[in-house]
Amino acid sequence: MHSRIFLIGFMGSGKSTHGSKLARKIGYDYVDMDRLIEETAGMSVPAIFREHGEAVFRKWERDILLELCRRENLVVSTGGGAPCHGGMIRIMNDQGCTIYIRLSPAELQQRLLLSRTERPLIKGKSEEELLHFIEKLLEEREKYYQQAMHTVDGVNLQTERLVELIRASS
Ligand code: S3P
């Protein structure tokens, strides 16, 4: 079994929910990259975007990923943009098993509308603006997400499905 599992996908796709359950099921440690960046920086993701800008956030995200690649027996929920910047999808594929949790723009929109997590990239958008934003950004990001070793449908996804995939892939 791979010693590092990276869950990737758009904001709201369920990476954190499945990541923590998956880690518990396979006895691995669990890390949510955004939370680790926040702890390390001593500020929230929205504050990092506001005070330092997205480019700095991406650099810190990459630095954290490289740190995590030194650890073993780890499930990592990545930020939605992580695989699409700084060659991070390549790093993850080299250092572990990557799983893309895939959902349609309409499904992501519904989930993001219900989510209470503050996300700087979508803050203040109307329902319609949100859908257009998701469609456009997802189209740009698909080419990175599709480089994942496995893709799973995020609708009605059972964490057990991820366990099976990981156990079957070496
Ligand atoms: C981002 C997704 C967020 C967080 C940041 C940027 C993105 O993580 O890293 O707000 O670029 O898609 P989640 O995917 O956990 O929401």
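**Around the ligand**

Select the shell around the ligand: by class, it holds six nonpolar, three polar and five charged residues. Here Ala, Val, Leu, Ile, Met, Phe, Trp, Tyr, Cys and Pro count as nonpolar, Asp, Glu, Lys and Arg as charged, and the others, Gly among them, as polar. You're looking at a predicted model, where local features need pLDDT of at least 70, side-chain atom pairs count only at pLDDT 80 or more, and totals for chains, interfaces and linings use all residues. Residues are numbered from 1 along each chain as its sequence is written, and side-chain values use heavy atoms, with hydrogens and water left out.

Which residues come closest to the ligand? Of the 14 that surround it, pick Lys-15, Asp-34, Arg-58, Arg-119 and Arg-141.

Now zoom in on the polar contacts (pairs of N or O atoms within 3.5 Å). Lys-15 puts a polar side-chain atom 2.5 Å from a ligand oxygen. Click Arg-119 next: a side-chain N or O atom there is 2.7 Å from an oxygen atom of the ligand. For Arg-141, a side-chain N or O atom is also 2.7 Å from a ligand oxygen. On its own the ligand has 390 Å² of accessible area, and the protein covers 94% of it (Shrake-Rupley method, 1.4 Å probe).

Colour helix 3 (45-52) and helix 4 (54-68), the elements that give two or more residues to this shell.

**Zooming out**

Switch to cartoon view and you'll find eight helices and five strands, DSSP runs of H or I with at least four residues, and of E with at least two, numbered from the N terminus. Along the sequence they follow β-α-β-α-α-α-β-α-β-α-α-β-α.

Methods
A residue is near a molecule or strand if one of its heavy atoms lies within 4 Å of it. A polar contact is a pair of N or O atoms within 3.5 Å; within protein, one must be able to donate a hydrogen and the other to accept it, and residues adjacent in sequence count only if both atoms are side-chain atoms.
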